[in-house]
Amino acid sequence: MNLTTILIILVVLFVAVALFGGIFLYVYWWLIQRALPNLSGKQQVDGLSAPVQVLRDERGIPYIYAQNQADLLRAQGFVHAQDRLWQMEQNRRIASGRLSELFGVAALDVDRFSRIVGFRRAAEDELAALEPEEIAALEHYVAGINAYIRSRPGRLAPEFNLLRRQPELWTPLDVVAFSKLMGWSLSVNWESELVRLQLANQLDPLLAAELEPDYPPTNPAITEALGEKSMRLVSTAGLLLSQYDQLKQWMGPSGPNQGSNSWVIGPKSSTGGRAILCNDPHLSLTMPSVWYENHLHCPELQVSGASFAGGPGVIIGHNEHIAWGITNAFVDVQDLYIERAHPDKPHHFAYGDNWEEARVIEEQIVVRRQTKPHVEQVVITRHGPLIDRLVSQGAGGNADTPLALRWQGHQPGHLLRGILGINRAQTWGEFDTALADWSAPALNFVFADVDGNIGYRLAGDIPIRGAGLGLVPAPGWTDEYEWAGVIPHAELPSLFNPPSGMIVTANNKITGDDYPHFLGVESYPGWRARRIEEMLREKRRHNLRNMEQIQLDTASHYAAELAPILAAHQSTDPYVNIGVNLLRNWSHTMEKDSAAALVFHYTLLHLLEMTFGDKLGPATKGFLGGTLSPLFIISGFVHRAETRLLEILRENEESRWYADAKTGRQRSRDELIGEALQQAVRRIRKEVNPTPRNWAWGRMHQIRYGHPMGSVRILRGFFNRGPFPISGDGTTPNQTSFAPELPPGLAQVVASYRQIYDVGDWDNARAITTSGQSGHPLSPNYADQIPMWLEGNYHPMPWTREAVEAIAIHRLRLE
């Protein structure tokens, strides 16, 4: 090789390195690093009437001090935009059906969904019904967001730079539309009705009803409050049998999981003589976290806790007098109606003796890199939009069956007034009055105050139905199945200072069957609630460390009931015997290093497939807890199949459900379990490790923090984190739910935020989110809470100004 060739090679290498370095520097600095906000110093903010101070601790949590509420809300909007403007933009676009403008045809189905369901249309109706105080609060909040947008053109968030798009200014309508989106994300009944529609098409009514499990009698209802068991008379299958029968007549011939924990104990059960309130809402794992921690202070409003970036106020937290937490109530606020179309007139549907013309809207969806917008025709009957175009032919019976969606969230409410009322409340009475304005989603609220009172209230607008229960689609051509208003707030279930001195909510059954209003059947089976109550009963008095242990607990009562049935099997296969012995000697905890937990879940998934999956056809995915949309992974059928499987295995040595659907071969219970165990250990040896000593639940059960920009290979290291092995499953207090399919995939739903309050000792408040405060990938607060969350640690969330000043490391003055 001569000198000239060497020089050419060196020049080429130098140019390549320089080019790569230039590209890296451009992406790293110009597109990403430059967007980091200023957290200290002074900042001009248009519209402020007086200076505002924003102190931040080492976690980047802002403590905002203003001289009036208007400036406080402006400052909250400003700091939300500083840290989370891209997340806010993404959620705004989902709610408005405008993701395709950024991501092209890949996001079109999400936009079609949003336009058809009509989050923004519902927001327009609600905005028109709001009172001046609510409008003013929204305007102050969006003024802060817009002040930040105007102050840093081209330096707002790396995602905007990478996509070469800048955000539009915000309006109050954007905030209300986002609230509608969040309300929808916690509502599940519409998909449950579609699953039951599939079951009705696949099975006869008796078999379809037989698949519905009863609520386990040993598991608690919320309003029992660790006291006497309430009336349990109603069989879910019995409720549904008549519904399935009617559905067959109306139709004619046909061709993951979100939840939460919260509990509160009174002064007599705490070592400090004060009430203790705990909450850990379980939501989809996102990057950044869905929650944004903040402390808000002005003469009219002092409150601390978790907010949503994109909305004013605090959703979960405390003020000087009270603390509160929430869990999803899983009540039924959605119904599907089968509409009868006119044979000749388009968009006319029968109602009574007449034909009513539906409202037709043409939604123009701009799609990136396409010359023409996608036109989505939305047809809205008296009951709501037709959604049959969202559902595949196999998901709903006849392809030409018009299905209309009625959702309580389509009705105007006063959610913001409720949020601000809760934030200001000083007593149980004021708190309960504020909850009367909480419209959607329907939630369980737990309460505690500095005087030692504890309470519970179900809050939200829950429809009262005429005929039917809303469990399956109803005929839309008669008035028999119309809604007759909502349950009055005073009649919603509540508790105040129950004799037990404890209240637990974990998405479990709310009331006994003697409650006069029907709330639905989508509540979780109560395994988490039972374990939490058990741990609370174990000690006479609890401290904050005990509360942490409950939030992090990985014991499963479901596994404790099913595993002995599996462990009774005898086999000649040495690896099956190893699996059986692991189950026999297991403590039923879902620790990430547990081999028994791995065997249990692989066997359970095989049992579900062999018992139900090969017999239900297109209904299988929904019955096992799957969902139609990857965006909304909450399902009303989560854990229902597992609970029904346990009932069948416990009660029947022989069952029609044990048969092999492909061959027709009948199996006994023991034969079914033996085949499931054999298939389970075979797959574990193939997919995890051939050697049993290397089996561990955490080898398959993991979490990964994924960001939309992380799907691009060169950006993955900037935006994504993980994967990390994790303990728990969907039935443990430390919930880490995964999709019910083989092999077990990434956990999708986790404790998105944990808070523990020694009520009154506010400087001792502790909390943690899944990732960090900032949405900027190069911020030190982008992922700094991940190690703490994984290890079960918490950070302090002080209350008094003195305590806040002691931990403040950033000081920003807004002028």
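In which sense do strand E11 and strand E12 pair, and over how many bridges? Strand E11 (residues 348–351) and strand E12 (residues 354–357) pair in the antiparallel sense, over four bridges. Two strands pair if DSSP finds at least two bridges between them. Helices (H or I, at least four residues) and strands (E, at least two) are DSSP runs, numbered from the N terminus.

This is a predicted model, in which local features need pLDDT of at least 70, side-chain atom pairs count only at pLDDT 80 or more, and totals for chains, interfaces and linings use all residues. Residues are numbered from 1 along each chain as its sequence is written, and side-chain values use heavy atoms, with hydrogens and water left out.

**Strands**

His348 stands opposite Glu357 in E12. The hairpin of E11 and E12 has two residues between the strands. In that hairpin, Gly352 takes a positive phi near 65°.

An open sheet has three strands in the order E15-E10-E19, with mixed pairing. Strand E15 (403–407) and strand E19 (474–475) are its edge strands, each pairing on one side only. Strand E10 (residues 334–338) and E19 run parallel, joined by two bridges. Here Ile338 stands opposite Pro475 in E19.

**Helix packing**

Helix H18 (residues 595–613) packs on helix H21 (residues 669–687) at an angle of about 125°, with the axes 8 Å apart. H18 is therefore oblique to H21. Angles under 35 degrees count as roughly parallel, over 145 as roughly antiparallel, 65 to 115 as roughly perpendicular and the rest as oblique. Axes are lines fitted to C-alpha atoms, for helices over the stretch in contact, and angles run from 0 to 180 degrees between N-to-C directions.

Contact means heavy atoms within 4.5 Å. Residues making it include Leu598, Tyr602 and Met610 of H18 and Leu672, Ala676 and Arg683 of H21.

**Backbone exceptions**

Most residues other than glycine have a negative phi, and most peptide bonds are trans.

Pro288 lies in the loop between strand E5 (276–284) and strand E6 (292–298). Pro723 is found in strand E24 (residues 721–725).

Arg164 sits in the loop between helix H7 (158–163) and helix H8 (172–185). Arg164 counts as exposed, at 73% relative accessibility. His588 lies in the loop between helix H17 (574–584) and H18. At 18% relative accessibility, His588 counts as buried. Buried means under 20% relative accessible area, exposed over 50%, and partly exposed in between (1.4 Å probe, protein chains only).
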